[in-house]
Amino acid sequence: MRPLLWKGRHLLVVLLAAGLLSACGESASPDGSAQVAAKWTPYERPAEYAGSATLPAQAITLRDGIRLATAVRLPAGPDGEPAEGPFPVLLTQTGYNRGLPVIPAFNDYLVQRGYAHVSVDVRGTGSSEGAWEAFGENEQADYAEVMDWVATQPWSNGRVGTWGASFMGITQLFTAAQQHPAHEAVFAIVPMGDAYRDIVFSGGQTNVGFIPLWMGLVTALSIVPTPDLVQDPGLYVNSAVQNLLAALTSFQVPILAQALLGGEIAQDGPFWRTRSPIEVADRIRTPTFIIGGLKDIFQRGEPMLYEAIQRNADAKLLIGPWEHLDGSSGAGLEAAGLPSMDQMALQWFDHYLRDMPSGAKAQPEVTQYYWGAERWSVATGWPHPKARAERWYLQAGGTLSRQLPADSGIDRTLQLPVNGLCSSSASQWTAGILGLVTPPCAQDNRLNEIIEVTYTTPPMAEDYVVNGPIQADLWVSSSAPDTGVNVRVTLVDESGASRELSHGLLNASMRAVDPERARYLDGEMIQPWHIFTREARDVPGIGNIVPVNVEVFPTSFVIPEGHRLRVTVGPSDFPHGLPPVPDLLDQLLGIISVHSGGDTPSSIVVPAIPADALVSAR
C-alpha cells in the first residue's frame with residue numbers, strides 16, 4: 001500500500017479495524033511519521049469462462065499505410081465460441097511474432113477470467129510491415145494508434161490494460177508515457193529502463209552476449225512461416241521481405257557493426273535516450289506494477305523505473321532471484337508462499353480495469369528477494385528507507401576492511417579481454433544460456449577469480465544486509481593506455497565458494513561522471529552516472545593513476561554470520577562487455593594495477609540496512 005500518514009490514535013485504530021494493516025516492520029518517513037510495510041495476502045477467483053477463442057487474424061492500418069499484424073483472443077464458452085462482450089482489454093505489443101508460441105503474447109488465465117487480449121506485432125517485426133527500429137520514435141507513435149484501435153472495437157469496453165514481459169514490458173512503459181485516456185493499468189515484467197547503461201553498452205563496452213542473440217531472434221521470428229502465410233499471404237510476404245531488407249541494410253546489421261567498431265552508436269546520446277523508458281517514466285500516470293530480477297539483464301533499470309513512476313502514479317515493485325527467462329514467468333513464487341505472477345496480474349487488473357475490491361493497493365509497495373538469507377522481504381520504498389552508506393576499504397594483500405589502510409599498496413593482474421566466461425555474469429548476460437553450458441561457474445566464481453585481484457572481509461560477527469546500488473571508488477593504473485575495470489561483489493561461504501551477488505563494468509577512459517545525475521546517500525555518491533560521450537572520453541595513458549567510480553548494479557543480499565564479503569577487481573566481463581575495437585586496442589597486452597591506502601584509498605560504498613529491517617513478505 002502507499003505510505004500511511006497519521007497524526008492521532010483514532011486513524012490508526014480505524015485502519016487496524018479495517019484489516020488494512022498487518023503485523024509488519026516500520027520505518028521513518030521524512031516527516032517523522034511511520035510507514036508500514038504490508039505483507040502479501042492471497043488473491044484468486046475462479047475462471048468465468050471455459051476457455052478462449054482467437055478471432056481471425058486482423059491488421060491495423062497506420063497513418064503511413066503500414067499494416068500491423070494483430071490477433072484478438074476472447075473468453076469462450078464450452079463450445080469454443082467467443083462470448084459476447086464487451087470486455088476490458090489487455091494489450092500486448094511484441095517484437096517476437098504473436099503468431100508463434102515461442103515467446104507467449106497471450107495470457108489465457110486472464111482471458112478465462114473475463115478479459116479480451118489483443119496481441120500486435122510492432123512495426124517491422126513478426127508479420128507486420130515496415131522497418132524495425134527498436135522502440136524508435138516512429139514505433140512509439142504507433143503505440144497510440146494501436147490504443148485508439150483497441151479501445152473502440154465492438155468487443156472492447158474502452159478500458160485497456162497492458163501486459164507482457166521483456167520487449168512486451170518495454171512497449172507498455174512507452175505507451176503509458178503517452179497518457180492515452182483508455183490506458184488504465186500496466187503490468188510490466190522484466191522491462192528495460194536505460195537502454196545504454198542497462199544493457200547495450202554497460203560501462204561503455206559492447207554487450208556481445210545478449211544483444212546479438214536478441215537482434216537475431218527478432219529477425220528470425222520476423223521471416224519464419226506463420227499462420228499468416230495462409231490467412232493473409234500478401235501481408236506475410238510483404239512483411240518478411242521488408243523485415244529482412246531492413247535487418248541487413250538499415251538497422252540490425254549496421255547497428256551491430258557500428259557498435260563493435262566504435263562508431264557514433266557506441267556513445268550515449270539522442271538515439272539511446274529515445275529508446276530508454278527511464279527518460280519518460282516521469283510522464284507515466286497509469287498504475288504500474290514492475291517485475292524484476294536480481295540476475296536479470298535489466299537488473300539496473302527495474303527498481304529505478306519503479307522509483308520514478310511511483311512519484312506520480314500507484315506503483316508496485318517485485319524483484320526475485322531470477323535471470324531473464326525465470327523472471328518472465330515468476331518462477332518459484334508459489335513455492336515461496338507468495339501469489340503466482342498470474343494471480344498478481346489478475347488482482348492488479350481486477351482493481352484498475354473492473355473496479356473490483358481485489359485489495360491490489362493494499363499489497364506491499366516493494367518486495368525483494370535477498371541472496372544469502374534466501375528469503376523474500378517487503379519494504380515501503382526503494383531504495384530501502386533505512387539504508388545507510390557504509391564504506392569498505394581495499395587493502396593490499398587481499399583484505400577488505402572498514403578501516404582506512406595505514407600503508408599504501410598495489411595489486412596487479414593481466415588485462416585479458418575475455419575473462420568472465422566462468423562466472424554467473426556470463427549466464428546472466430546470455431539470459432541463462434551459458435549457465436546451462438557451464439553450471440558450476442554460475443554458482444562459484446573461484447576459477448574466474450584466478451585472473452582477478454580479490455579483497456575479503458573476515459567472517460562476519462553478525463548478519464550483514466545490503467539493499468540498493470553499490471559504488472566502487474578505485475584508483476587504477478595500467479601498463480597499457482587504457483583498461484577495463486570490472487568489479488564483482490560476492491558472498492564467500494564457509495567452504496570457500498564465492499557466489500557472485502552483483503557486478504559493474506567500466507572503461508577507465510569513460511570514467512567521467514555527471515554529479516547532478518548521480519545518486520547520493522548520507523552525503524556519499526553511491527551510484528555514479530557516467531557521461532559516455534566522445535567529448536568526455538579521457539584515456540588514462542600508460543602508468544598514470546586515475547580515480548575510477550564503477551557502478552555496481554543494484555542488488556539485495558545478506559552476508560550471514562560466519563560468512564565473508566568479497567570484492568574482486570579485474571579487467572573484463574566477457575561476454576557482457578567487449579570494448580569497441582579502438583578501445584580494445586588500447587587495452588591489449590597490459591597489466592592493471594589496483595592502488596590502495598595512502599593517497600589512493602580504493603574502496604566500495606554500500607547501502608547497508610539493519611538486519612531487523614528485513615520484514616517477511618508473508
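# Close-up views of helices, cavities and a pocket

**View 1. Packing of helices α6 and α9.** Helix α6 (residues 210–221) and helix α9 pack at an angle of about 170°, and their axes lie 11 Å apart; here axes are lines fitted to C-alpha atoms, for helices over the stretch in contact, and angles run from 0 to 180 degrees between N-to-C directions. The two helices α6 and α9 are therefore roughly antiparallel to each other, given that angles under 35 degrees count as roughly parallel, over 145 as roughly antiparallel, 65 to 115 as roughly perpendicular and the rest as oblique. The residues of the contact of α6 with α9 comprise 5 nonpolar, 2 polar and no charged, where Ala, Val, Leu, Ile, Met, Phe, Trp, Tyr, Cys and Pro count as nonpolar, Asp, Glu, Lys and Arg as charged, and the others, Gly among them, as polar. From α6, Ile211, Pro212, Met215 and Thr219 meet Gln252, Ile255 and Leu256 of α9, contact meaning heavy atoms within 4.5 Å. Helices (H or I, at least four residues) and strands (E, at least two) are DSSP runs, numbered from the N terminus. The model is predicted, so that local features need pLDDT of at least 70 and side-chain atom pairs count only at pLDDT 80 or more, while totals for chains, interfaces and linings use all residues. Residues are numbered from 1 along each chain as its sequence is written, and side-chain values use heavy atoms, with hydrogens and water left out.

**View 2. Leucine 256 in helix α9.** Leucine 256 has its place in α9, which covers residues 252–261. With a relative accessible area of 26%, leucine 256 is partly exposed, the classes being buried under 20% relative accessible area, exposed over 50% and partly exposed in between (1.4 Å probe, protein chains only). When neighbours within four places in sequence are left aside, leucine 256 is in contact with Ile211, Pro212 and Met215. Alanine 266 is 10 residues apart from leucine 256 in sequence, and the C-alpha to C-alpha separation of the two is 9.7 Å.

**View 3. The largest cavity.** The structure holds 7 cavities of 30 Å³ or more, and the largest cavity has a volume of about 200 Å³. Of the 20 residues that line the largest cavity, Phe135, Met192, Val200, Ile211 and Trp214 are the closest to its centre. On a 1 Å grid over the protein atoms alone, a cavity is a set of points where a 1.4 Å probe fits but cannot get out, a pocket is an open set with protein on both sides within 12 Å along at least five of seven lines, and lining residues have an atom within 4 Å of a point. Grid points are joined across faces, edges and corners, and a volume is the space filled by probe spheres set on the points. At least two residues of the lining of the largest cavity come from each of α4 (167–177), α5 (195–200), α6 and α10 (270–274), and α6 gives the largest share, 4 residues. By class, this lining has 18 nonpolar, 1 polar and 1 charged residues.

**View 4. The second largest cavity.** The second largest cavity has a volume of about 100 Å³, and of the 13 residues that line it, the closest to its centre are Ser202, Gly203, Leu505, Glu551 and Phe553. Strands β20 (498–507) and β23 (546–559) each supply at least two residues of this lining, with the largest share, 4 residues, coming from β20. The lining of the second largest cavity has 4 nonpolar, 6 polar and 3 charged residues.

**View 5. The largest pocket.** About 550 Å³ of space lies in the largest pocket, and of the 25 residues that line it, the closest to its centre are Ile103, Ala165, His324, Leu325 and Ser328. Two or more residues of the lining come from each of β8 (156–165), α6, α12 (324–329) and α13 (341–354). By class, the lining of the largest pocket has 16 nonpolar, 8 polar and 1 charged residues.

**View 6. Helix α4 and its packing on α3.** Helix α4 is mostly covered, with 11 of its 11 residues buried, among them Phe167, Gly169, Gln172 and Ala177. Helix α3 (residues 137–151) and α4 pack at an angle of about 80°, with their axes 9 Å apart, and α3 and α4 are therefore roughly perpendicular to each other. The contact is made by Glu139, Gln140, Tyr143 and Met147 of α3 and by Phe167, Thr171, Phe174 and Thr175 of α4. Just after α4, glutamine 179 takes a positive phi of about 55°.
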